[in-house]
Amino acid sequence: CTDLDVKPKSSATGDVIFNNSQAYLQFLARLYAGLAISGQQGPAGNPDIKGIDEGFSNYLRQYWKAQELTTDEAVIGWNDGTLPTYHLHTWTAQNEFINAMFNRIYFQVSMTNEFLRETTDGKLDERDATDAIRADVKVYRAEARFLRALSYWHGLDMFGSIPLVTEESTVGTEASEQATKQEVFDFIESELKAIETELVDARANGYGRADKAAAWTLLAKLYLNAKVYTGQDKNTECIAYCQKVIDAGFELDSDYATLFTLDNVNSDEIIFTINFDGNYTQTYGGMTFLVHASIGGAMTATDYGVNTGWAGLRTTKNLVNLFPDETGATDSRAIFYRNDQSKEIPNTPITTFKEGYAVPKFRNINSDGESGSSLEFVDTDFPVFRLADVYLMYAEAVERGGTGGSEASSVSYINALRQRAYGNATGNIDADDITLNFIIDERARELYWEGHRRTDLVRFGLFTDSEDNNLRAIWPWKGEVAAGKETESFRDVFPLPSSQIIANPKLEQNDGY
Amino acid sequence: QSTRITGTVTSGDDGTALPGVSIVEKGTTNGTVTDAEGRYSLNVSENAILVFSFVGFQSQEISVAGKSVIDIPLNSDVTALTEVVVVGYGQQEKKDVTGVVAAVNEQSFNKGAIVSPDMLISGKIAGVQITSNSGEPGGQSSIRIRGGTSLNASNEPLYVIDGVPIDNSAFNPGGFSSGRNPLNFINPNDIETFTVLKDASAAAIYGSRAANGVIIITTKKGKSGLPTVSYDGWFSTGRIADRLDVFTADQFREVIAAKAPQHLNKLGTANTDWQDEIYQNATGQSHNITFSGGTEKTTYRASVSHQKQEGIIKTSSTERTSFSMGLTQKMLNDDLSVTANVKGARTQDRFSPGVVGAAMEMDPTQPIYDATSPWGGYFVWKNEAGDYERQATINPVSTLNLVEERGTSNRSIGNVQFDYKIRPIKGLSANVNLGYDLATGDRDRFQPSNYFAVASDTGEIKIENYTRVSQLLESYLNYKRSFENISSTLDFTAGYSWQDWNSEYPSLRATRLTDNGYGVSNPSVAKKVEAFNSVLENRLISFFGRLNYGYKDKYLLTASLRRDGSTRFGAANRWGTFHSAAFAWRVIDESFMEGLTDIFTDLKLKVGYGVNGNQEIGDYKYLATYTPSTLTAQYQLGNSFVTTVRPNGYDANLKWEETTSYNIGLEYGFLNGRLSGSLDFYRKDTKDLLFERAVPAGSNLTNIVLSNIGEIKNTGVELTIDAVAVSKPDLTWNISFNTSYNKNEIVALDGSDEPTFKGYETGDISGGVGNYIQILKVGQPAYSFYVYKQKYGADGKPLVNGVDHNEDGKTDLADMYEDVSGDGAVNDQDRRPFQQRAPKVMFGLTSQVNYKKFDLSFTLRSSLGNYVYNNVASNTANFIRANDNFVPRNMLTSVLETNFTSPQYFSDYYVEKASFLRMDNLSLGYTATNLFDTSAKFRLYGTVQNLFVITDYSGLDPEVFSGIDNNLYPRSRTFIVGVNVTF
């Protein structure tokens with residue numbers, strides 16, 4: 001006998017998985033989960049991408065590191081591979097963290113493409129899908145395309161000219177052409193506009209799911225940075241989409257600190273989250289990383305709802321000095337742990353936790369001090385987009401000359417943030433105070449450690465070298481010196497990973513690398 | 001006129017009686033065989049000539065000439081030209097073998113307290129590297145025959161035990177294996193021969209699984225004669241050969257005062273030698289009883305054994321109870337021969353949790369116990385805030401005493417083989433072999449909630465089970481005939497094989513225990529229980545054939561063909577054809593050699609070529625599959641957590657990895673066979689390498705997919721010399737020497753055209769996460785080290801970190817390392833491939849001396865050109881250990897050599913030359929025969945295992961297969977006394 005047909009028994013093949021009508025939702029959940037977890041077995045096991053420690057491979061963890069460790073907002077004290085080169089601005093194309101970030105983006109892209117291929121009308125016809133399923137799937141597809149646009153935006157922002165792979169592709173090993181930045185920009189824009197009508201109304205979708213406001217915010221971000229990507233300003237479009245979000249009924253939370261604790265589930269300010277749970281969405285990346293790694297020295301881990309600190313993340317004096325006083329008494333957004341910590345980071349390698357203030361902004365407790373469901377894995381969700389960011393984008397787009405908004409609105413939006421921070425009107429500003437330097441500083445004060453900093457600094461021309469010797473472009477240990485110095489401007493984008501240059505001969509490396 | 005002759009036949013080597021010797025009156029069919037005591041009696045004619053013959057001994061002819069008693073010693077046949085060797089699906093006379101086949105018999109096995117069968121032949125065969133992966137009792141070994149051919153598929157040889165190919169992969173894909181070495185179910189005492197099929201032409205009959213060679217294990221069979229009973233037993237004691245040099249408590253206090261005064265208030269007042277606390281003297285014992293005998297028609301053998309061996313790390317041990325039974329029955333006028341074998345074993349392992357690293361780094365000023373500790377009364381670190389600190393060193397004694405990890409493995413293999421002569425066609429026979437391999441087992445781990453661990457899910461029960469069943473059906477026809485009119489011999493085999501493997505791996509993990517009283521028996525006391533299952537199946541269907549053709553017994557040709565179908569590949573690539581051809585020329589039998597027979601006793605030249613495959617990659621890799629998430633990897637959408645499904649990456653075009661091998665060699669014998677051996681040159685080219693390659697982003701469903709890409713090459717030389725140095729009635733001395741050279745090179749890999757591509761990093765190290773020290777790069781041997789070139793000061797010591805040596809205003813990599821790329825900067829592009837982990841040259845030397853009733857033997861083994869990355873030193877010989885963010889940790893005292901204040905993981909300073917010479921065993925024995933005037937025999941012996949190692953390597957042991965020394969379970973030095981009694 002020569003029978004060699006052996007079907008897997010404990011994993012399902014594609015032809016049977018969709019017999020389960022729940023599979024569409026489960027697959028969609030997987031697209032969202034791609035931002036939060038690292039594999040199919042929480043907290044680790046059966047990883048999504050290989051070639052790096054699974055805990056490290058997590059999307060949010062990588063995104064956060066690329067966006068924050070490379071800036072004045074954060075340093076990390078670990079000797080993990082080439083991790084220290086992020087803060088020193090000495091990364092190369094062989095950096096495994098850059099590689100992991102790139103692979104995470106395309107993992108999301110290829111998951112979405114597969115989802116879109118498996119949910120076409122033709123496929124639904126083959127499977128005799130009910131009308132109810134078809135209606136659901138229509139919305140799911142829009143959400144999937146939002147997630148793909150989000151990752152492509154990350155790719156455009158960090159890597160520039162990258163391959164555009166869509167659901168027209170097939171599963172194999174075929175190399176795709178490198179798209180220009182304009183083409184990637186246009187694709188993201190057209191996708192978001194195409195799904196704008198198909199998504200559920202703002203604030204009407206289930207928790208954690210993308211709605212119209214999420215797509216609008218992403219469009220606003222794309223437009224605000226358009227000049228970096230395409231050389232052309234799109235501030236007017238940015239203002240229009242910010243206005244749509246602002247008009248959608250979001251409200252600032254009364255307490256800044258609760259945006260980053262267990263309480264943020266009830267936030268009216270947050271537009272889109274990445275969801276975590278100590279029992280059901282476990283990972284060594286994401287918020288588990290952000291909370292644990294921010295704790296060390298004399299800090300009591302249980303005060304922040306976890307069992308131990310990992311003694312990794314601190315900040316530089318640049319961030320601290322943006323606040324009127326470092327205690328947080330004046331501007332409550334200054335959440336620093338200073339006891340037995342020095343503000344300066346005098347020594348290299350920057351591994352000593354007590355050098356640099358700690359930043360316990362993200363916590364696994366609620367406002368009553370109760371911890372999450374696990375002391376090891378964090379429950380708190382990560383705010384990707386929130387109204388405060390949209391306010392500041394609005395003001396910036398107006399300041400940069402966009403039309404359709406008003407300075408008066410800018411002032412009122414910024415003062416809303418500052419009143420919350422100060423607890424009164426003493427921190428309020430007026431129209432004359434709004435300059436680009438003020439906005440980049442205010443963005444740091446409001447949004448530090450939320451994954452925006454690298455993008456912001458690049459947009460303001462402060463990430464590597466600055467045209468006007470702006471001191472904001474210099475922070476401790478940037479360029480491998482204790483005082484910091486400006487670095488080469490080609491580092492405004494990361495290199496394409498060397499493994500991709502190998503795997504895809506059609507790719508051309510970014511200039512300078 | 002007939003006369004009655006009686007006598008005893010003994011071995012000329014050691015004087016022991018030889019049972020089963022055939023005695024025939026020359027020219028007649030009149031004959032007999034000796035009994036168990038070597039005695040015989042026979043009525044013969046007065047002027048008869050008696051022919052004494054016995055396998056493995058030189059035949060002798062003695063004229064009766066009036067004698068009535070003829071006692072005769074038979075000399076062993078040192079040329080062994082009539083030696084029969086097992087090859088796949090049959091056996092051949094050694095002189096007719098065209099491939100490269102090496103056999104090691106029981107007499108030559110390594111001596112000692114050996115748990116794992118593969119250690120019996122370590123150092124005995126040229127080109128075969130056998131490395132125990134650690135000093136664990138019965139630990140797993142890594143075996144490489146003529147170098148590794150694969151990067152991501154298995155490099156282990158195929159094992160065939162009494163005709164049944166077995167699955168030698170670790171018992172659990174999750175790595176939590178119930179036992180240590182999967183071969184441990186075989187009692188080493190039951191093994192008669194290891195035969196290694198080294199080259200492609202010998203191994204090609206096993207086709208798709210033979211790219212890494214084949215090891216055929218033959219177990220002992222009964223012999224006709226009176227029943228004999230023998231007992232073999234030993235006792236052993238092992239101790240650690242060396243320990244890591246760390247600071248004592250007093251020295252540590254000084255180091256902390258000097259280097260990390262902020263930690264001074266954390267130091268305790270105790271003086272604890274943590275290494276003392278985890279090691280023990282390990283005792284072991286083994287008992288075997290064998291019962292065998294038979295008649296001309298029926299032979300049988302049965303054995304039972306019990307072995308127990310402690311490890312030198314406290315709590316670790318292995319214990320095995322095994323049995324084996326074999327029966328051969330001839331029927332139908334000897335036309336049908338039926339052989340049945342069944343073997344079984346139950347192995348119980350206790351594993352010690354990893355404590356070597358913790359014992360090395362635990363602060364020696366801290367006590368073991370702390371009466372106030374809620375953690376089982378053991379000392380546990382607190383942090384500055386007064387909380388017990390999970391990032392601190394975990395007390396290794398608490399780990400040993402509180403965490404219990406046990407495994408039980410049951411395994412049985414058996415087969416029944418029918419060999420039937422089909423009379424109507426002379427020389428034709430049919431063979432049918434039905435076999436099974438059944439394995440079940442479990443491994444349990446119990447971590448009580450009062451054990452202080454890094455994870456806070458206090459208390460854990462982990463249970464992993466497995467069931468693996470393999471069924472085998474094989475059948476072949478053999479046609480073997482001589483055609484004297486055309487001076488030809490023909491031996492043709494053709495067959496079919498079907499083998500199927502089914503396995504299932506259920507497992508359970510329960511955490512947050514509310515009660516520690518039930519051990520692993522009651523997971524329901526846990527607040528959280530997770531269960532998994534994995535079910536796998538694969539099948540291999542094969543058609544095979546082999547032709548041996550001999551002309552004038554001098555020109556020998558072998559060709560073989562195997563077609564394999566495997567479920568591991570898609571329909572388009574499922575079938576693979578593997579072939580081989582070899583030619584041998586018995587120069588010694590040429591007429592022009594006749595004048596040289598004083599010099600040469602054997603001379604054979606041979607060339608061989610063959611293609612073999614490799615499919616050891618796991619199941620379903622070519623298929624599009626979806627994996628559901630566990631409950632802990634769900635995602636919240638709306639108000640509920642949704643289980644997710646993920647489509648997995650795959651390459652639908654996956655196919656066989658193919659190795660093409662060439663061999664040219666000779667077998668020689670000089671000086672009346674006193675000197676013999678072989679010399680071989682080989683080359684192995686592997687293409688369509690099964691390699692986990694990075695795919696173009698977005699093209700697949702993940703970033704790295706197993707594909708067929710790349711080539712690897714091994715070339716080498718092997719030399720074997722067997723010498724009979726002394727052969728006198730009272731004194732014999734045999735020396736076996738082997739040496740081999742292998743060069744391994746990656747010829748092509750994805751991206752090999754790209755000059756700036758550094759290669760694929762591999763070999764993750766301890767210290768930091770995601771730090772890799774080895775590289776797979778074209779033009780280099782596999783697993784080269786990938787490091788910076790260290791700069792040294794005038795004092796010969798490496799330049800210390802944190803100092804601006806080059807005075808450029810920065811303290812960076814350029815201060816310590818060479819700018820290898822020459823671009824003016826030192827960054828990760830200045831790491832370069834440096835040395836390799838595999839030995840370039842290996843030696844093995846075995847000496848056996850028999851003097852009267854004493855025997856003395858030893859085995860020496862050496863590797864040259866292998867390097868080891870001393871990860872223990874790179875990670876722990878620096879002062880940041882004292883300055884740790886959490887608690888002070890102890891260091892290797894070699895920190896005083898470098899004065900490094902932070903780890904320099906990627907310095908070539910830590911890639912150390914690890915060539916070594918090791919005496920694996922030294923054994924002295926005394927044998928007494930004819931005890932109490934019976935045939936009873938008694939041998940008493942003493943053995944020392946791992947007597948010494950000579951090396952420049954600074955770590956504990958230079959023999960590290962992976963090339964990365966990271967707190968291995970150390971190998972012990974073991975002393976054994978044993979007895980062997982036969983009735």
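Helices (H or I, at least four residues) and strands (E, at least two) are DSSP runs here, numbered from the N terminus.

**Ground rules.** This is a predicted model, where local features need pLDDT of at least 70, side-chain atom pairs count only at pLDDT 80 or more, and totals for chains, interfaces and linings use all residues. Residues are numbered from 1 along each chain as its sequence is written, chains are lettered from A and ligands numbered from 1 in the order in which they are written, and side-chain values use heavy atoms, with hydrogens and water left out.

**Entry 1: Asn189(B).** I found Asn189(B) in the loop between β14 (164–166) and β15 (191–197) of chain B. Its relative accessible area is 26%, so I noted it as partly exposed (buried is under 20%, exposed over 50%, partly exposed in between, with a 1.4 Å probe and protein chains only). I then listed what it touches, not counting residues up to four places away in sequence: Lys220(B), Asp232(B), Asn288(B) and Arg301(B). Contact means heavy atoms within 4.5 Å. Asn288(B) sits 99 residues from Asn189(B) along the chain, yet their C-alpha atoms are separated by 7.6 Å.

**Entry 2: chain B as a whole.** I looked up eight helices and 53 strands in chain B. Its C-alpha atoms fill a box of roughly 105 × 65 × 65 Å along the principal axes. Buried residues make up 57% of the 983. Of the contacts between residues at least 6 apart in sequence, 69% join residues at least 24 apart.

**Entry 3: domains of chain B.** I noted domain 1 (2–74) and domain 2 (84–219), with bounds from an automatic or database domain assignment. Their C-alpha centres lie 38 Å apart.

**Entry 4: two spots in chain A.** I went to Asp331(A) next, in the loop between α13 (317–320) and β5 (382–386). Asp331(A) has 0% relative accessibility, so it counts as buried. Leaving out residues up to four places away in sequence, its contacts include Phe323(A), Tyr422(A) and Arg445(A).

Ser410(A) belongs to helix α15 (residues 407–422). I have it down as buried too, at 1% relative accessible area. Beyond four places in sequence, Ser410(A) is in contact with Tyr394(A), Ala395(A), Val398(A) and Ile434(A).
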